[in-house]
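Hi everyone, thanks for making time. I'd like to walk you through a structure today, so let's get it up on the screen.

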Amino acid sequence: MSRKTLGDVVLESAVLRWAAIALSILAMVLAIRAIHQQTPPDHFADCQWRFQSLNPAGLEKPVEFPHNWSSEHEPIQLGRYTGTFQLESLPEEAWAVYLPSLSMNAAVRINGIPIGDGGRMTPPIARQTAHPLYFRVDSRLLRAGENTLEIELAAATAGSGYLMQAYVGAEKHLQPRFRYRYSIKTSFAQAIIIVLVVTGLIFLALWLGRRHERVYLWQGICAFVAASVISLLVLDDGLLTGRSLECALAVCLIWTTASCTQWTFHYLRLDWPRLLHMSLVTALILTLAVPLLALAWPEFFDQEIRFIKSIALGFILVPLFFGVRFLRVTDWISFWVMVSGLTIGGMCMRDVLMLLEWVAPYDGYWTTYTCLLAVIVFSWALLQRFMSTLNEAEMLNLEMSERVQLKEIEIRKSYDQLRAEGQRRSLAEERERLLRDMHDGAGGQLVSLLARLENEGKEQTPVAEAVRGVLQDLRLIIFSLEPDAQDLRSALAMLRDRLVPACKSAGLEVEWDLSGLTEQCLLGPRNTLHVLRIVSEAVTNVLKHAGASQLTVRAEESVKDLAITVEDNGVGLSAATKPHGKGLHNMRHRASMLHGALEILERQSGVCVRLRVPVAIDGRS
Amino acid sequence: MPYSVLIVEDDEHLRQRWVTALSRDPRFELITAAGNLQEAQQLLLAGYPNLLLADLGLPDGDGVDLIRQVGQKHPATHIMVITVFGDEYHVLRAIRAGAAGYLLKDTGATQIGPAIDDLLAGGSPVSPAVARYLLKLLREPAQQAREPLPQFTERELETLQLIAKGYSYAEIGKAANISVNTVAFHTKQIYRKLSVGSRGEAVFEAQARGLITPPH
């Protein structure tokens, strides 16, 4: 029984699941908020600030930070902040001016002397977009007593400028704050761009390998487009300026949300091609419409570009909706996908509100910060899918190859069987044919020849004997060829049937004892034939030359050999060696073919011929 | 009582030999010989013999047909098939057609008489080869479809199996604990069942009751 982990419990209950999701999102949001939290430097000069609009010209007035130009009555293009502060004595250490967050660009002067700017102050204006600026102040520029700090701020679009805060003080207090702010705003963004580009490349490459998995394509595109958006935001100066920059930003935002939509549909494997087509077509139309708008109605464009960007970002709600509706949170991957998705959606909404000026613009786009989690989670999800597909494919492959192997073995076996069958059948057919030939041909002719000799009164001649011998041998051959007749016992029994009648009519009492043989005594066709011929020869010898009255044929099988004896009580060998010398020679030869031995023993009366054959003969020798 | 014999054999030398051998035996008179089916039919028109020795491979037909014909038309005739090797296929065919046994063509002259006597006395010899062949046929379902074989009793099958293994009648008797006569009875039953339809029960009944006496 497997114990359920806390994680399983959380995932299984809908309430707990959504609670966990909400908590995670909250944690994310709080984290982003926390990193944007600004602590003022430990020491900085206390300034009195006044603001004056330069374009259009306006009156100077006191101002408090953060100061957003959208709250002014007129759309201001260029403005100046003047701050005065008192110094008791000249500081020994180096000083600096630190501007944590501003829109567009600023130029700074200390006591009338310019100490730096963020780039071009005239169109096309260099962009900062909520990124920090930091200028060192040469201590020689400072005076004891009253000092003046002037900050000129330029806005790209009239009325859209802001300055969140301006600090002047010792470098050792200001620099750490600047460093921190810079790292979270600029360095982080640069890092994220690299991560997104690399991710985009990886997934596009994956898609090239698996064309039908569109989700890889859209992950790649989304990553590239998101990287473009962030680069455009981080860019301070470049080819694209002013209006074209805004255009590019808007188009990239459109494609970010469009590719997110595509990604969501493919990831969830929702089969709604029309919806997908519609979203792509919409994106294309907008991509064409926005530049057209910029060209045809530039002022209108300038005024309303933030709305256009809001709408573009707002489209994120489409994938968000479908994601929440159709993603089943069953494991940790889908949990984090849900969290990432919702976080992205939430941050996009927050950024929309910022574009619509319902949220202060001082901390810039927060969606950038969700990119990291998103990249990690979505890549992980897709890679997991990729790996499981791979594993499945491997397993199926293995299974398939195993099955193929088994089938191969099966096929080979049945093929071998068929071949053996075929061979057996053709051998059997051959044998049938052979036997028939012998029966109809050779056998018949020999018998006819014998009859002819008998008719001419020559049945006792050597010729007739020879013919009888041939006929007998033919019988033995035919018998040994029978496939079922391989056991020695039946072979010798057949011989008995052939020889005993002739013996009886010659007045020879025959005892044919095969009780010492088992049925399992198999010698194979060739060896059986040898044994039959030897015994046949021996018995025929007794018949013809021994002049005996008693003949005993006995076969015995022991552990190490087989012994067949043919005994008679006749006159013995010495009396008539010559006539059957050749026969004995034949018998000895055949015995050696059997790897056995032939003993010929002369008894007091009669001869004992014993054939010993080692039992280990295998039927095929 | 003189026995009439008809020998049907296409080889003239063999035919001559049979005639010579049989004529030496005083019991056999009226020995006629034919070289083919047609001649045999001609001779049969004159009358059926007591004993028919038929070769199977005749130039103008199969000897089995002749055997069947004689067996059906004149069941009193004893039929023996003469064969070179006594091979099981031909012997079984002949037995099913109604032959009472077989004689080897090269049976020694002195042995012909006793051999015929044995057969006429109801010897019903079953060689190991024939027994083996019969058992193989009984196992083959295809054979049963073509030419159904009769049902044999367990005892008869046992006897067949022992013969097939090369046991002599005496050995079978010892193994199955029956007398040699009982063994012979089983083989006779086997023959009878095989040739049912060819010769009819009548002949065997008649022989059993001693109505048809073998020559003495």
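So, how many residues does the contact take from chain B, and how many from chain A? It takes 28 residues from chain B and 31 from chain A, where contact means heavy atoms within 4.5 Å.

Before going on, a word on the ground rules. This is a predicted model, where local features need pLDDT of at least 70, side-chain atom pairs count only at pLDDT 80 or more, and totals for chains, interfaces and linings use all residues. Residues are numbered from 1 along each chain as its sequence is written, chains are lettered from A and ligands numbered from 1 in the order in which they are written, and side-chain values use heavy atoms, with hydrogens and water left out.

What about charges? There are three salt bridges between chain B and chain A, meaning a side-chain nitrogen of Lys or Arg within 4 Å of a carboxyl oxygen of Asp or Glu. One salt bridge links B:E171 to A:R496, with the closest N and O atoms 3.7 Å apart. Helices α1 (12-24), α4 (88-97), α5 (109-120) and α6 (128-139) of chain B each supply at least two residues of the side that touches chain A, and α1(B) gives the largest share, five residues.

Now the sheets. Chain B has an open one of five strands, in the order β2-β1-β3-β6-β7, with parallel pairing; two strands pair if DSSP finds at least two bridges between them. β2 (28-34) and β7 (101-104) of chain B stand at the edges with a single partner strand each, so one side of each has no neighbour in the sheet.

Chain A also has five strands in an open sheet, in the order β12-β13-β14-β16-β15, but the pairing is mixed. Its edge strands are β12 (509-516) and β15 (597-602). β15(A) pairs with β16 (607-614) of chain A in the antiparallel sense, over six bridges, and A:E602 stands opposite A:V607.

Note on methods:
Helices (H or I, at least four residues) and strands (E, at least two) are DSSP runs, numbered from the N terminus.
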